Amino acid sequence: MQPTPLLISQILRFGTTLHADQEVVTWTADGARRATYAEVGRQAAQLAHALQGLGVEGDDRVATFMWNNVEHFVTYLAVPSMGAVLHALNIRLFPEQIVYVANHGGAKVVIVDNTLAAPFATLLAHLPKVRHVVVNGPVDDDTRAALAAPEHVESVHDWSELLGGRPTTYDWPENLDENSASSMCYTSGTTGNPKGVSYSHRSNYLHAVTTAMTTDVRQGDRLLVVVPLFHANAWGFPYLAMAVGASLVMPDRFLQAAPLATMIESEKVTYGAGVPTIWLDLLHHLEANAVDVSTCRGLIVGGSAAPPAMMRSFKEQHGITILHAWGMTEMSPIGTAAVPPAAVEEGSDAYWDYATSQGRLVLGVQGRLIGPDDGEVPWDGESVGELEVRGPWITGSYNAFGGESENELAEMAAKFHDGWLRTGDVGTLTPDGFLRLTDRAKDVIKSGGEWISSVDLENAIMAHPDVLEASVVGVPDERWGERPLATVVLREGATATPESLRGFLEDKLARWQLPERWALIDEVPKTSVGKFDKKVLRRRYAEGGLAVQTLD
């Protein structure tokens, strides 16, 4: 067979020519602005010429500090296709983490949305490797001056002016090594500094094809991509859309339930991708407002487990299937997808048992469970172990560009075991490869020699009609070592009490698993990517910052 390398430029060429009439819709305060894939291809060529003019060559990194919009999508295509490396900065990290990640990645050109230019300007003095800033959209004179102020910044450019007049075709190199880096993502840094992962052209290509096949995204679909392009490779959707010929609906900074509902209705969205908190807010909005979402057949959920009650409500009230998926930044990120077997009757107990799992391992991803004794655990749906994975889009190491301490290097190396990635997730696998996670290894509650799943408790509590959100953490207990603390956000006007909530759980869980400690809170703290931030809850409990009620 011909040894044709699998490159991002192939996806770019394919999508912008064979699916030239598909479009990217970017939401604005005034509604939608549109660009066809043909126009995206021409802009990608212009951007490549512009970056080359700024001195980008070889595997230089080009960073972005942007929302989901057409310009970010153009950058996703142009930078790796010209042979450079895309580094999408997570705008929701703490400033010191953004500085660490940007300096570690080493980009000398950063493309910034105008609505993010002012906060980015406050970071620039701490980013000595940055030479050029490209601003997407107009900014005021003060912001432009702040961006140009650091001595190491050679120039500040306007996106449109920089691209204007440049050629609309580019001789994309075909001799790139498919195993060379095309893009970089960093973990959210819940422990220590964020860790960098380099995705290759080959891994992105294979990931896009497999994700399209697994999620049943089709030509002509209209995909609402809420998952940020700066998070976990945007779950592969930029490349997937071009590969299958599906249009993209990009929400930019309009991530609230009301504008998302408007986008679904007005843009005839057929599929979406986002974290559970986004879709839960949307569900509540649909309960209170008359919105036509009949074109939408499915929403993909990742990042954290989706509450089964939410999944049922979307299906039963709106005919929308929630596709539960699981993965990690280190995995590009897809690892599993919860498509119930064809033989299972839709709506049956067996159907929901499959649909609410993390899903079946997808083609290309191998998994195994390792028990406390480091032995492999059988796939029987009951035996619990830590999941380890390997495959063609799973990283074999973290980025180490120098400057890491011995402890950091040792921590990075410890994430790998005989060529397998240790996920840190604990769960079971069925004989037909369906994964059910019971917890993160760091979040499982070890009580009196038994494990209690915080995830199972959270799902059970959130099934109560008065509960908006719930998060469960393990806290010290003199008798049992650890016991669960349930923190609950009630719906507006709800009257549930800790006593009634525990009573609601009594026929759903073993009595020894039921929490004695309860706290009603205004909001569950969340990480930069929308996951429940349990370390904040543990700290607030330890510092006496929660009003905890202890039940007999």
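This is a predicted model: local features need pLDDT of at least 70, side-chain atom pairs count only at pLDDT 80 or more; totals for chains, interfaces and linings use all residues.
Residues are numbered from 1 along each chain as its sequence is written, and side-chain values use heavy atoms, with hydrogens and water left out.

Back to S5. S5 and S6 (residues 132-136) run parallel and share five bridges. On S3 (residues 61-65), four bridges join that strand to S5, again parallel, and there Val62 sits opposite Val109. Helices (H or I, at least four residues) and strands (E, at least two) are DSSP runs, by the way, numbered from the N terminus.

How buried is S5? Five of the five residues in S5 (residues 109-113) are buried, so the strand is largely enclosed by the rest of the structure. Buried is under 20% relative accessible area, exposed is over 50%, and partly exposed is in between, with a 1.4 Å probe and protein chains only. Val109, Ile111 and Asp113 point one way, Val110 and Val112 the other.

Now the salt bridges, meaning a side-chain nitrogen of Lys or Arg within 4 Å of a carboxyl oxygen of Asp or Glu. The whole structure has 24 of them. Take Asp60 and Lys108, with their closest N and O atoms 3.3 Å apart. Asp60 is in the loop between H2 and S3, and Lys108 in the loop between helix H4 (95-105) and S5, so this pair ties together parts 48 residues apart in sequence. Lys108 itself is partly exposed, at 25% relative accessible area.

Then there's Arg368 with Glu388, at 2.9 Å between the closest N and O atoms. Arg368 is in strand S17 (residues 366-370) and Glu388 in strand S19 (residues 385-390), so that pair ties together parts 20 residues apart in sequence. Both Arg368 and Glu388 are buried. Salt bridges with shared partners also join Glu23, Arg34, Arg222 and Glu267 into one network.

Last stop, Ser447, over in strand S23 (residues 445-447). At 4% relative accessibility, Ser447 counts as buried. What does its side chain reach at 2.9 Å? That would be the backbone oxygen of Glu482. The Ser447 side chain also makes a polar contact with the side chain of Arg483, at 3.1 Å. A polar contact is a pair of N or O atoms within 3.5 Å; within protein, one must be able to donate a hydrogen and the other to accept it, and residues adjacent in sequence count only if both atoms are side-chain atoms.

Key. Two strands pair if DSSP finds at least two bridges between them.
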